[in-house]
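My notes follow in the order I took them.

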Amino acid sequence: MGTLQVWGGIPAESGPQKIIDRFQKLHPDVTVKYTRYVNDDRGNLKLNTALQGGVDIDVFFTYGVPNLAMRASSGLAADVADQVRSTPELKTFLDKDEPKALFDGDQITALATTRIPQMVLLNERLRKRAGVDLPRRWTLDEYLEALRAFADAGKYGSYTLPDIARIELGPNYRFTPKGDSNFSDPSFLRQFDLSAQLIREGVLYPWSQAVARQLEAYQQNVFIAEEFGLWITAPYSLRFLTDQEQYPHDFTVAAAPVPTSAGGDWNTGEYGAFIQINSRSPKQELAWEFSKFWLLKGSQDMVHAGYISIISDVDEDELLSGILGEDAEKFFDVDSFRRTLFEDDPRLHLDTELTAYAEITQKYEQQRDVCWLLEQTPQKAIKTVDNNAQALIDRFQED
């Protein structure tokens, strides 16, 4: 049957190769070639260029809603709605009330493979030095008190604040119910204003250094160097904390839930790591068989990459062991991770309103940067985001 070309962002040795090996054992006449691309701007551009240029790709993975929105609007992904509807084990992907798939009318062009809850990691040595109790639940105000305590003890509190608007508003928070820009909601201004204030006070990491050091992609380096004490991240980042060869450190790490704010308790994590089939692939039937196998049979292999599969036959203890790795007690407060990841049952989301999503993201990040570089007032920055977002929405609706 030939060779199936699969592109993904996870190193093959972290789980994908095991899935591939088991699939090939069931299909001895198939060879699956896995190409890893780095999930950053350059890597995503490489994948986009390859897809648009007709490179032999059958299955690909997409990470993050801006990339998903771009690939969906470009017609790069095949519709798999009929295949999903004919597979009873995949009925969860037909749920539009708590979506885990990308719908376009009756079409489905992407299926989330994993739950990606976010959590707050705490450097236990720095936490104790700052005199901060390990929280089981906390409000944003309590979280801010902890940040200031870390700063008073001589370290930055964190790299960024949690996404306040997401916590308070949940899915599709950029849009009003009518589909207009929602950036006039006070929670967005609060994010810009509070972050700028804390950067100015030396509580949050200087954004000038964050930009210069590309910390959006390499936050683990600064956390492990103990330059800040609290890190909002997802389970896939835990692999850095068990890699003593590449990331040596001698402190343990505990977990706490993302704080609540103004009555909102949405986790800032999402359903993600979307599997998609190239709409130009001549091997779509085989590509679907592989995608289905990944979704239904891949949970045990992907847990070592910090992935909690949407459909899983792995129990809680095995998941926790896989996520935290061997000798977990050496690196982690295991009970705190169990509570945060499983007992608290974080509320996750998937944005389904994707109008001009990638373009709005770019405008948002531009204004965020000038605000947090302290070159623009938060009020003017968020007003500019709101105006730009509305203009983009209007333009897309006209088209």
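**Entry 1: helix 16.** I started with how enclosed helix 16 is in this predicted model. Of its 10 residues, 7 are buried, so helix 16 is largely enclosed by the rest of the structure. I listed the buried ones as Val 334, Ser 336, Phe 337, Arg 339, Thr 340, Leu 341 and Phe 342. Then I asked myself: what covers the buried residues of helix 16? The cover includes strand 6 (119-123), strand 9 (253-256) and strand 11 (308-309). It also includes helix 11 (238-241), helix 14 and helix 15 (328-331). Just after helix 16 I found Asp 345, which takes a positive phi of about 50°.

**Entry 2: helix 14 against helix 16.** Two packed helices are described by the angle between their axes and the distance between the axes. I looked up both values for helix 14 (residues 316-324) and helix 16 (residues 334-343): the angle is about 115°, and the axes are 11 Å apart. I noted the crossing of helix 14 with helix 16 as right-handed. From helix 14, the contact uses Glu 316, Asp 317, Leu 319, Leu 320, Ile 323 and Leu 324. Helix 16 brings Val 334, Phe 337, Arg 338, Leu 341 and Phe 342 to this contact. I sorted the residues of the contact by type and got 8 nonpolar, no polar and 3 charged.

**Entry 3: helix 8 against helix 17.** Next I took helix 8 (residues 186-201) and helix 17, which pack at an angle of about 35° with their axes 9 Å apart. This crossing is right-handed. Which residues of helix 8 meet helix 17? I wrote down Gln 191, Phe 192, Ser 195, Ala 196 and Ile 199. Facing them in helix 17 are Tyr 364, Gln 367, Arg 368, Cys 371 and Trp 372. The residues of this contact divide into 6 nonpolar, 3 polar and 1 charged.

**Entry 4: Ser 181.** I found Ser 181 in the loop between helix 7 (164-169) and helix 8. Is Ser 181 buried or exposed? Its relative accessible area is 7%, and buried means under 20%, so Ser 181 counts as buried. Leaving aside neighbours within four places in sequence, I listed its contacts as Arg 174, Thr 176, Asp 386, Ala 389, Gln 390 and Ile 393. I also checked Ile 360, which lies 179 residues from Ser 181 along the chain; their C-alpha atoms are separated by 9.7 Å.

**Entry 5: Gln 220.** I located Gln 220 in helix 10 (residues 215-224). Gln 220 has a relative accessibility of 5% and therefore counts as buried. Apart from neighbours within four places in sequence, Gln 220 is in contact with Trp 231, Phe 240 and Tyr 247.

**Entry 6: the second largest pocket.** Last, I looked at the second largest pocket, which holds about 390 Å³ of space. I found 21 residues in its lining, and Ala 69, Ala 72, Ser 73, Asp 104 and Leu 354 lie nearest the centre. The elements giving two or more residues to the lining are helix 3 (65-73), strand 4 (101-104), strand 5 (107-116) and helix 17 (357-372). Which element gives the largest share of the lining? Helix 3 does, with 5 residues. By type, I recorded 12 nonpolar, 6 polar and 3 charged residues in the lining.

Definitions and conventions
Residues are numbered from 1 along each chain as its sequence is written. This is a predicted model: local features need pLDDT of at least 70, side-chain atom pairs count only at pLDDT 80 or more; totals for chains, interfaces and linings use all residues. Side-chain values use heavy atoms; hydrogens and water are left out. Axes are lines fitted to C-alpha atoms, for helices over the stretch in contact, and angles run from 0 to 180 degrees between N-to-C directions. Helices (H or I, at least four residues) and strands (E, at least two) are DSSP runs, numbered from the N terminus. A crossing is left-handed if the near helix is turned anticlockwise from the far one by less than a right angle, and right-handed if clockwise. Contact means heavy atoms within 4.5 Å. Ala, Val, Leu, Ile, Met, Phe, Trp, Tyr, Cys and Pro count as nonpolar, Asp, Glu, Lys and Arg as charged, and the others, Gly among them, as polar. Buried means under 20% relative accessible area, exposed over 50%, partly exposed in between (1.4 Å probe, protein chains only). On a 1 Å grid over the protein atoms alone, a cavity is a set of points where a 1.4 Å probe fits but cannot get out, and a pocket is an open set with protein on both sides within 12 Å along at least five of seven lines; lining residues have an atom within 4 Å of a point. Grid points are joined across faces, edges and corners, and a volume is the space filled by probe spheres set on the points.
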